Amino acid sequence: MSSQSRFASKRIHRSTIRKVHAGWIVFIAGFLLMLLGIEAIDTTRPSIASRQLLLGSIGIVCAFAIAFIPQKRFRQASWWLYVVCLILLLFLLVPWVPDFIVHPRNGARRWINFVVTDMQPSELAKIAFVFAMASHLRFKKHYRTFNGLIIALFVAIPPMFLILIEPDLGTAMLFLPALIAMLIAAGARYRHLVVIGLLSLIAACSMYPILRSHQKNRIHALIAQVQGDDKYEQTIGYQGARAMMLIGAGQSTGVGKELAAELLSANHLPEEHNDMIFAVIALRWGLWGSIATWMLYLLFGLGGIITAI
């Protein structure tokens, strides 16, 4: 190909790039959720909020840089990245790895120490799984035939299983909904989706025997909470009970930053800066703040589906 032809090809490619598209919905919703989360963290942990703001800014710069990488490169790297993540997840579970490399926290082996920072392979595994699924589902025979969907299901199971053993039940539960969402976006047949959904449910339930006792107790506490039974409120259900009470205290418009900080301190809500951040949002900004948060998540999800389609 002559240099003139190559330049013409590049001009044609650039002219097809749309400056306004659904991907901006994802970015704007994600950006606003980031700001909301940072402000909620600042209620009780201002130093962590400042750190999150810095890391978030770095993340935005990296995201824009990654956006310029050709899609073909992601496809080529997808399965390699998936395998690397499985190896890292296995590495976490090797019992003779020194504690200064894999340091258990609250009985969980989830982080690898890289001196300057800790890396959580399960977070990278989420991205690797999406890349691998996107690569697999780009062929019609992989999403319009039942055999292709079974392969997709078996791609989701290994990282789920390894993350569950760490243990990290919450992260492990994210893979199957992500799989179903990607199958819908790809255009899978609805009757196949029903079967895959049932198989996914069976696979999830089959992992119950390997759950640790505290994970099983959390499930029991959640069921009891839904049923209005308070027998776990001072033990394994304490965190959920505190969160629900503080959410109710926010009422319609919230109590503001200063009073929210006092209530959070007085009620000893565990992990208020991460796992329980929604309770902080509901307490500070009330029902309307909670609705706004869910609307942003809805926009984020819809923007992602529209972009994928």
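Contact here means heavy atoms within 4.5 Å. With that cut-off, Ala243, Leu246, Ile247 and Ala249 of helix 12 touch Phe278, Ala279, Ala282 and Leu283 of helix 14. Sorted by class, this contact has eight nonpolar residues, with no polar and no charged ones. Keep in mind that the model is a predicted one.

**Two helix pairs**

Two packed helices are described by the angle between their axes and the distance between the axes. Here are those values for two pairs:

| Helix pair | Angle | Axis distance |
|---|---|---|
| Helix 2 (residues 23-41) and helix 3 (residues 46-67) | about 165° | 8 Å |
| Helix 12 (residues 238-249) and helix 14 (residues 277-308) | about 20° | 7 Å |

Angles under 35 degrees count as roughly parallel and those over 145 as roughly antiparallel. Helix 12 and helix 14, at about 20°, are therefore roughly parallel to each other. Helix 2 and helix 3, at about 165°, are therefore roughly antiparallel. As for handedness, helix 12 and helix 14 cross in a left-handed way, and the crossing of helix 2 with helix 3 is left-handed too.

Which residues carry the contact between helix 2 and helix 3? On the helix 2 side they are Trp24, Phe27, Phe31, Met34, Ile38 and Ile41, and they meet Pro46, Ile48, Ala49, Gln52, Leu53, Gly56, Ile60 and Phe64 of helix 3. By class, that makes 12 nonpolar, two polar and no charged residues.

**Aromatic rings**

Some of those names come back when you look at the rings. The count of aromatic pairs comes to nine. One of them is Phe27 with Phe31, a stacked pair at 6.1 Å centre to centre with 20° between the planes. These two Phe residues sit four residues apart in helix 2, so about one helical turn separates Phe27 from Phe31. Phe27 is partly exposed, at 32% relative accessible area, and Phe31 also counts as partly exposed, at 32%.

Trp79 and Tyr82 make an edge-to-face pair, with 5.7 Å between centres and 75° between the planes. They are three residues apart in helix 4 (residues 71-93), so about one helical turn lies between Trp79 and Tyr82.

Key: Residues are numbered from 1 along each chain as its sequence is written. This is a predicted model: local features need pLDDT of at least 70, side-chain atom pairs count only at pLDDT 80 or more; totals for chains, interfaces and linings use all residues. Side-chain values use heavy atoms; hydrogens and water are left out. Axes are lines fitted to C-alpha atoms, for helices over the stretch in contact, and angles run from 0 to 180 degrees between N-to-C directions. Angles under 35 degrees count as roughly parallel, over 145 as roughly antiparallel, 65 to 115 as roughly perpendicular and the rest as oblique. A crossing is left-handed if the near helix is turned anticlockwise from the far one by less than a right angle, and right-handed if clockwise. Ala, Val, Leu, Ile, Met, Phe, Trp, Tyr, Cys and Pro count as nonpolar, Asp, Glu, Lys and Arg as charged, and the others, Gly among them, as polar. Rings of Phe, Tyr and Trp (its six-membered ring) pair if their centres lie within 6.5 Å; planes under 30 degrees apart count as stacked, over 60 as edge-to-face and the rest as tilted. Buried means under 20% relative accessible area, exposed over 50%, partly exposed in between (1.4 Å probe, protein chains only).
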